[in-house]
Structures are given as C-alpha cells and as structure tokens.
Amino acid sequence: MTASAAQRPMEDAMRRKITEALAPTSLEIFNDSHMHSHHKAMEGSTSKETHFRVFITSDAFKSKMQPARHRMVYSLLKDEMAAEGGLHALQLRTRTVDEDEKAKAKEAA
C-alpha cells in the first residue's frame with residue numbers, strides 16, 4: 001500500500017468505486033472534512049475523511065433525473081456511509097457529458 005493510500009483510504013475507495021461503476025469522463029473529489037471538524041456531530045471522531053464534495057461527469061447519468069443520479073452514487077458508497085467514522089456528508093454534482101459541456105460554455109460566455 002502506498003503512503004497516499006494509507007492516508008486517504010476513504011477518498012481512494014470512493015474514486016475506485018465511482019470509476020469502476022460509472023466510467024466518468026471527469027471525477028473530482030474534494031475532502032472538506034477540515035471545515036467541519038468543529039461540529040458537534042464530529043466530537044470524538046478521529047477520521048479526517050468525513051465530508052466530501054464530488055463532481056462526476058458520466059454518460060451513465062443520461063436520461064436520469066438528479067435524485068436518481070444521487071441514489072446511484074449513494075448506493076455505490078453505502079458501506080463507506082455506514083462505517084464507523086465513515087462518510088458523514090456528501091455533496092454531489094452529477095452531470096452527463098453534454099450537460100457538462102453546456103455548463104462550461106455558459107461559464108465561458
């Protein structure tokens with residue numbers, strides 16, 4: 001096991017599961033845990049991997065509304081969410097390739 005894998009087991013597991021199941025053209029994972037460590041719910045937690053923002057672009061989301069897309073991701077990460085000291089919060093942005101291209105074009109305009 002590499003040093004980075006030992007330091008980021010949750011992020012690495014998330015990346016592996018999402019990549020294997022959804023074949024994303026883009027996957028960005030941001031660990032925001034440090035911004036939430038003072039919250040009451042985090043008292044006593046030693047985990048540094050509890051709060052994440054995840055941006056996924058994948059055509060696996062085609063013809064699915066946002067709630068269905070989010071359920072797909074939550075289903076993939078159910079073990080990480082159930083684990084002691086596991087995922088506490090997950091903010092998702094799920095887009096198809098076409099939606100992502102349109103959003104980028106709009107941002108550039």
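View 1. Helix 2 (residues 9-22) contains 14 residues and spans 20 Å from its first C-alpha to its last, close to the 20 Å expected at 1.5 Å a residue. Helices (H or I, at least four residues) and strands (E, at least two) are DSSP runs, numbered from the N terminus, and the expected span of a helix is 1.5 Å times one less than its number of residues. The model is predicted: local features need pLDDT of at least 70 and side-chain atom pairs count only at pLDDT 80 or more, while totals for chains, interfaces and linings use all residues. Residues are numbered from 1 along each chain as its sequence is written, and side-chain values use heavy atoms, with hydrogens and water left out. Met10, Glu11, Ala13, Met14, Lys17, Ile18 and Leu22 of helix 2 are buried (under 20% relative accessible area, with exposed over 50% and partly exposed in between; 1.4 Å probe, protein chains only). Seen down the helix axis, these buried residues fall within an arc of 160 degrees, so they line one face of helix 2; the arc is that of the directions from the helix axis to the C-beta atoms. Just after helix 2, Ala23 has a positive phi of about 40 degrees.

View 2. The strands form an open sheet of 3 strands in the order 1-2-3, with mixed pairing. Strand 1 and strand 3 are the edge strands, each pairing on one side only. Two strands pair if DSSP finds at least two bridges between them. Strand 1 and strand 2 run antiparallel and are joined by 6 bridges; Ser26 stands opposite Thr57 in strand 2. Strand 2 and strand 3 run parallel, with 7 bridges between them. Val54 has Leu92 in strand 3 as its bridge partner, and Ile56 stands opposite Thr94 in strand 3.

View 3. The buried residues of helix 2 pack against strand 1, strand 2, helix 3 (66-76), helix 4 (78-82) and strand 3 (89-95), where contact means heavy atoms within 4.5 Å. Helix 3 lies across strand 2 and strand 3, at about 125 degrees to strand 3. Axes are lines fitted to C-alpha atoms, for helices over the stretch in contact, and angles run from 0 to 180 degrees between N-to-C directions.

**View 4. Asp32 in its loop.** Asp32 is found in the loop between strand 1 (26-31) and strand 2 (51-57). Asp32 counts as buried because its relative accessibility is 8%. Not counting residues up to four places away in sequence, Asp32 touches His51, Phe52 and Arg53. The side chains of Asp32 and Arg53 are joined by a polar contact of 2.6 Å (a pair of N or O atoms within 3.5 Å; within protein, one must be able to donate a hydrogen and the other to accept it, and residues adjacent in sequence count only if both atoms are side-chain atoms).
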